[in-house]
Amino acid sequence: MIGAMIMALPIPVYGVKKWGPKLIGDGIYSAVWINIYGGVIYLIQSISQAIGVSWSYFITWIETVVSEEISMYTFTRAFSGLLSSVDPSIAIFFAPISYIISLLTGIIASTETFIVIAFIINNYYGFFIALGIALMSIPFRVGKGIGASLISSSIVFEIGLPYMPDFLNGLGMNPLRIELGLPSSANLNNGLVYLTTVLVPTAMTSLVILPLVYLGILAGLSMGLSYAIGGSYKLPIPLEIF
C-alpha cells in the first residue's frame, strides 16, 4: 500500500519514486513468508526426523556431559589436595593445576549457559521465525537483515544443534567416553601423567574445541541461509518488476 502511494505521488524525483516498486516487492515477499510459515515449521520437523536427531536425547546427553565435567573438576581438585597432603613444599611446582581447575570451572559454566540457550531455541524457534518475518515486513527494509538472520538461525540450529553428539561420536571424541579414576599416594606419578596427557587434552578437545568447531559450522550455514532469504540489496527472487 505504501509502495503504491509512493508511485502515485506527483513528484518526479527518482530517489523517492524508486522506493515504490521496492516496497511493493517487499510486501509480496513478506506475504509469501507469512503464508508458508506453517510449511517451514513442518519442513524443520520433517528434516529432523529424516536425519534422526532428537532434542530429548540431546538434552539428556548434555546434562550427562555436565555431570562428567563436574567429575573432572572433582578429580582435579582431589588430585591437587593429594599433592599438597603428600608434601606441601612441592605444591608450588604444581601451580598450573589451579589454572586447570579454573578452566574446568569455566567449561562447566559455559555448558550450563549452553543448555539454557538450547532450551530457548527448542521451545521458541517458531516464535523467532515469526519475529523474523515480522521484521522483514517493516517498510524500507529496516529489519530485513535482522529478520533473515533470525529465520535462518532458528531453522539451522533447531535442526543441527541436536546432531552435535553424533558429530562428536563420528570423530571418536564423545566426552562421555573419558575414563576417570581418583589417584592415591601409591600412584601419584601415574595420576599426574594421566591428568596432563589424557584428561586435560581430551577435555579441551571434546568439550571446547570440537563443539566450537561444530557451532562455527552451524553459524556458517546460518549466514549462508540468511543471505539466501534476505539477500544483500535486492530480494533473492525477482519481484521488482515494476
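The largest pocket of this predicted model holds about 280 Å³ of space, where a pocket is an open set of points on a 1 Å grid over the protein atoms alone, reached by a 1.4 Å probe and with protein on both sides within 12 Å along at least five of seven lines. Sixteen residues line this pocket, and those closest to its centre are Ser-110, Thr-111, Phe-114, Leu-207 and Pro-211, a lining residue being one with an atom within 4 Å of a point. Two or more lining residues come from each of helix H5 (55-86), helix H6 (96-136), helix H8 (164-170) and helix H9 (188-230), with helices taken as DSSP runs (H or I) of at least four residues, numbered from the N terminus. Helix H9 gives the largest share, six residues, and by class the lining has 12 nonpolar, three polar and one charged residues.

From the pocket we can turn to the nonpolar cores. The largest core has 33 residues, of which Phe-58, Trp-61, Leu-161, Met-164, Leu-195 and Leu-207 touch the most other members; such a core is a set of buried Ala, Val, Leu, Ile, Met, Phe, Trp, Tyr and Cys residues joined through side-chain atoms within 4.5 Å. At least two residues of this core are supplied by each of H5, H6, H7, H8 and H9. Leu-161, beyond its neighbours within four places in sequence, is in contact with residues including Trp-55, Phe-58, Phe-114 and Tyr-214, contact meaning heavy atoms within 4.5 Å.

Two single residues complete the picture. Ser-154 lies in helix H7 (residues 144-160) and counts as buried because its relative accessibility is 6%, the cut-off for buried being under 20% relative accessible area with a 1.4 Å probe and protein chains only. Leaving aside neighbours within four places in sequence, Ser-154 is in contact with Tyr-125, Phe-128 and Ile-129. Tyr-29, in helix H3 (residues 19-35), is also buried, with a relative accessible area of 8%, and a polar atom of its side chain lies 2.6 Å from the backbone oxygen of Ile-229. Tyr-29 and Ile-133 are 104 residues apart in sequence, yet their C-alpha atoms are 9.8 Å apart in space.

Residues are numbered from 1 along each chain as its sequence is written, and side-chain values use heavy atoms, with hydrogens and water left out. As the model is predicted, local features need pLDDT of at least 70 and side-chain atom pairs count only at pLDDT 80 or more, whereas totals for chains, interfaces and linings use all residues.

Conventions. Buried means under 20% relative accessible area, exposed over 50%, partly exposed in between (1.4 Å probe, protein chains only). A polar contact is a pair of N or O atoms within 3.5 Å; within protein, one must be able to donate a hydrogen and the other to accept it, and residues adjacent in sequence count only if both atoms are side-chain atoms. Grid points are joined across faces, edges and corners, and a volume is the space filled by probe spheres set on the points. Ala, Val, Leu, Ile, Met, Phe, Trp, Tyr, Cys and Pro count as nonpolar, Asp, Glu, Lys and Arg as charged, and the others, Gly among them, as polar.
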